[in-house]
Amino acid sequence: MAKIELTDVSIVFNAHPQKRVSLKEYLVRGLFRPSVNPPMRVHALTGINLVAGDGDRIGVIGHNGAGKSTLLKTLAGIYPPTTGTRIVEGKICSLFDIMTGFEPEATGWENILYRAYLQGETPRSIRGKLDAIAAFSELGAFLNIPVRNYSAGMMMRLAFSIATAIDPEVLLIDEVLAVGDLAFQTKAQARMRELMQSARLMVMVAHDLVSIRQMCTRVLWMAHGQILRSGPTDEVVDEYVAAMHRQAQQALAA
């Protein structure tokens, strides 16, 4: 069983404004006075409530900086709530920041193990997946050399192959990934569709409203760290598109 339950969740970050300070100013003031620039509190999420379970396919839309990616990272357990409660049940597959956990001096084979362990695999569970991950990556003998020698495309191939090797119950996606050349992208998109169909619960952030309409059963429209609207996919997306058109017209008229 897969389950997500967020109750009055808020995320607050302390951001320290940067200011160029001359050596003279630092010597005269910095050594003897406390900072005149206290940290700024950024409310990334405010009062988020969300309940989802088996069969739900949730899309998250909104402008850049609306809090969409922060919401996904909260669901993944990367950001603990500042206030409120987070409950997520089920094996999570997070398709964002997929380059996390790579050791440049280690080989491709070694990095498969390191990254898989971060995803919750065990030495026993990953043993039967090694050959499949290697085959999907199409990196062949390159898996025997340190990944610092890989191109960016090769790194993305390996990262994607590892990230999508588990059988998720809760699938979290931040935009649709473009991985490698055209042939590999086609294969990666097929893998993504398989994951979306097999996962018990999916939450997907995307600016591509066509994909949202095709893949999601309901949508969260976020703005300024809050859920502005939640409901059936077509209904919420239509309202969002109409609102964006009004904003564009107002901007042109100003």
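I looked up Tyr79 and found it partly exposed, with a relative accessible area of 25% (buried is under 20% relative accessible area, exposed over 50%, partly exposed in between, using a 1.4 Å probe and protein chains only). This is a predicted model, so I kept to its limits: local features need pLDDT of at least 70, side-chain atom pairs count only at pLDDT 80 or more, and totals for chains, interfaces and linings use all residues. Residues are numbered from 1 along each chain as its sequence is written, and side-chain values use heavy atoms, with hydrogens and water left out.

Next, ring pairs. I counted 4 aromatic pairs (Phe, Tyr and Trp rings, the six-membered one for Trp, with centres within 6.5 Å; planes under 30 degrees apart are stacked, over 60 edge-to-face, the rest tilted). Tyr79 pairs edge-to-face with Phe13, at 5.1 Å centre to centre and 75° between the planes. Phe13 sits in strand S1 and Tyr79 in the loop between helix H2 and strand S4, so the pair ties together parts 66 residues apart in sequence (helices, H or I, of at least four residues and strands, E, of at least two are DSSP runs, numbered from the N terminus). I have Phe13 down as partly exposed too, at 31%.

Then I checked Trp221 and Tyr240, also edge-to-face: 5.4 Å between centres, 85° between planes. Trp221 is in strand S8 and Tyr240 in helix H9, 19 residues apart. Both are buried.

Last stop: Phe136, which forms one aromatic cluster with Phe160 and Phe184. Over its ring I found the charged end of Lys187, 4.5 Å from the centre (NZ of Lys or CZ of Arg within 6 Å of the ring centre and within 35 degrees of the ring normal). Arg191 also lies over the face of Phe136, at 3.9 Å from the ring centre.
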